[in-house]
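Here's a quick briefing on the two chains shown below. Have a look at the structure first, then we'll go through the contacts, the interface and the salt bridges.

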Amino acid sequence: MKPIGVLCLQGDFREHLLTFKALGIPTVRVRKDEDLTGISGLVIPGGESTVIDKLSNIFGLRDSIIKLISQGLPTFGTCAGLILLAEKLVDGTQTQQTFGGLDVVVQRNAFGSQLDSFEEDVDFVGIDTPVHAAFIRAPIVTEIGNDVSVVARLEDGRIVGVQQGNILGISFHPEVTGETAVHRYFADMCKKANF
Amino acid sequence: MTEKSNDKQSTPLVKRGLAEMLKGGVIMDVVTADQAKIAEDAGAVAVMALERVPADIRAQGGVARMSDPDLIDQIISAVSIPVMAKARIGHFVEAQILQSLKVDYIDESEVLSPADYVHHIDKWKFDVPFVCGATNLGEALRRVTEGAAMLRSKGEAGTGDVSEAMKHIRTILGEVRALSSKSEDELYVAAKELQAPLELVREVARTGKLPLVLFTAGGIATPADAALMMQMGADGVFVGSGIFKSGNPAARAAAIVKATTSFDDPDVLANVSRGLGEAMVGINVADLPAPHRLADRGW
């Protein structure tokens, strides 16, 4: 299998690399344009979405990532990564941009401050057992387009996981709780897509 | 203090989780909402709200305390990134107030005047996570025992002299490496010498790493300083006086952010180091009489 690229500009990219390593799935760190060559999928980690947005611009990755997503590269965003994959944002900063790809509206810091962060078991469509997930100053999906399917919701119905074709976006962090199932799920998406 | 609404919030995982998300980033000291906006626009991963930057605390002297809640409120409203604020060492009521203001992290900081020269805050009693400073592994593990969720090496704040930050991160990570090479029966004495709980000492020896995210602080003034700390093994950097006491804060802040990401690429570092105007006027730590060294506060 060709390696899965993990965007290593800022955030918890190391936890994503370690999770794939635990599954025996090869990865490559993406920090420059040329690192995007020959990858089977791309992970956009948790972190600060405003910072990852700026750095992807500064280091010349933004246009290439947008192009690869439009060509069908399997892409997986967690938390800040979900924000960066949304077509529209609520409560973004004035200058904040996204890569887009998911026809959804995402609200940043939707639960409030760090005091409102929490951990929770979440049912995930396509994964048999509930996923133990950390929601850290997490976003939620407030609107979805017709081609978007919901893969995870909180008990109160709020949408915290969506998939549209080869793009997967979730509000939470399975990578910090020792969960491997969602990464396995994404690796299977990459194998199937054979990009 | 606010009551926890359930057992899913403010868990160690949740408290430490935010620190994990800040990794690879720069946390900037700001004293006004305008500075907070400049920091956010430059790519800060969080801001530290305080009344005076360490260089001014040092210059003006007197007792340095928690910031005015109005100032903290203004900074929280001005930015979308996490906001941290400082409480005095041992001043658990300042910490209660900061929690009530809903800051995202509290820094129990030696930059402010200590309120208790014996005890630090019992951080397990709080829902909001804490970051604490340390100059060596024993100090770091004592803060972990008290409930800290993130660590920073202390350095010497307000000097622009990176040598103490270097000394502290070398000491902390060097002691981690030394522990990981010890045999099981040597850990009892190691714990005694570090003055840290045996259980934590065993964990560090077994995993070969600290149990918490470690940022570095105190004297970082240039992109090269930030990259130096990252190459030494820091998870991220705090920049205090170095940005808003320099000639061109916005440009310097953005350059330090880039250097922290591309810390191992000298070509990028050369580029981002150009044309930043004057760095903050520094003080050599060697010229500071011992009673004026902030890193000696806390134990």
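A polar contact here is a pair of N or O atoms within 3.5 Å; inside protein, one of the two must be able to donate a hydrogen and the other to accept it, and residues adjacent in sequence count only if both atoms are side-chain atoms. Keep in mind that this is a predicted model. With that cut-off in hand, let's start at a histidine in chain A: the side chains of H173(A) and E175(A) are joined by a polar contact of 2.8 Å.

**Around H173(A)**

- H173(A) sits in the loop between β12 (167–170) and α5 (181–193) of chain A.
- Is H173(A) buried or exposed? Its relative accessibility is 0%, so H173(A) counts as buried.
- What does H173(A) touch once its neighbours within four places in sequence are set aside? Within chain A, the partners are D12(A), G46(A), T78(A), C79(A), A133(A), A134(A) and I136(A), and M21(B) is in contact with H173(A) too.

**Chain A overall**

- Chain A has five helices and twelve strands.
- Its radius of gyration is 15 Å, close to the 16 Å that the globule rule gives for 195 residues, so chain A is as compact as a globular protein of that length.
- Of the 195 residues in chain A, 62% count as buried.
- Take the contacts in chain A with a separation of 6 or more: residues 24 or more positions apart account for 65% of them.

**Chain B overall**

- Chain B has 13 helices and eight strands.
- A compact globule of 299 residues would have a radius of gyration near 19 Å, and the 18 Å of chain B agrees with that.
- Along the principal axes, the C-alpha atoms of chain B fill a box of roughly 55 × 45 × 40 Å.
- Buried residues make up 60% of the 299 residues in chain B.
- For contacts in chain B between residues at least 6 apart in sequence, 66% join residues at least 24 apart.

**Where the chains meet**

- On the chain A side 36 residues are in contact with 39 residues of chain B.
- About 3000 Å² is buried between chain A and chain B, with carbon and sulfur atoms giving 58% of that area.
- Between chain A and chain B the count is six salt bridges.
- One salt bridge joins the side chains of K32(A) and D265(B), at 3.4 Å from N to O.
- There are 18 residue pairs in polar contact across the interface of chain A and chain B, with both residues at pLDDT 80 or more.
- On the side of chain A that touches chain B, α1 (13–22), α2 (49–58), β7 (118–124) and β8 (127–135) each supply at least two residues.
- The largest share of that side of chain A comes from α2(A), with five residues.
- Sorted by class, the side of chain A that touches chain B has ten nonpolar, 13 polar and 13 charged residues.

**Salt bridges**

- Over all chains, the structure holds 22 salt bridges.
- In chain A, R158(A) and D156(A) pair through their side chains at 3.0 Å, N to O. R158(A) has 33% relative accessibility, so this arginine counts as partly exposed.
- In chain B, E110(B) and R152(B) form a salt bridge whose closest N and O atoms are 3.0 Å apart. E110(B) lies in the loop between β4 (105–109) and β5 (130–134) and R152(B) in strand β6 (residues 150–153), so the pair ties together parts of chain B that are 42 residues apart in sequence.
- E110(B) counts as buried because its relative accessibility is 3%, and R152(B) counts as buried at 3% as well.
- E146(B) and K123(B) form a salt bridge too, with the closest N and O atoms 2.8 Å apart. E146(B) lies in the loop between α6 (137–145) and β6, and K123(B) in the loop between β4 and β5, so this pair ties together parts of chain B that are 23 residues apart in sequence.
- Both E146(B) and K123(B) are buried.
- A network of salt bridges links K86(B), D107(B), E110(B) and R152(B).

Key: Residues numbered from 1 in each chain as written. Chains lettered and ligands numbered in written order. Predicted model: local features only at pLDDT ≥ 70, side-chain atom pairs only at ≥ 80, totals over all residues. Heavy atoms only, no water. Salt bridge = Lys/Arg side-chain N within 4 Å of Asp/Glu carboxyl O. Buried < 20%, exposed > 50% of the residue type's maximum accessible area, 1.4 Å probe, protein only. Helix = DSSP H or I, 4+ residues; strand = E, 2+ residues; numbered from the N terminus. Contact = heavy atoms within 4.5 Å. Buried area = accessible area lost by both parts, 1.4 Å probe. Nonpolar A, V, L, I, M, F, W, Y, C, P; charged D, E, K, R; others polar. Rg over C-alpha atoms; globule rule 2.2 N^0.38 Å.
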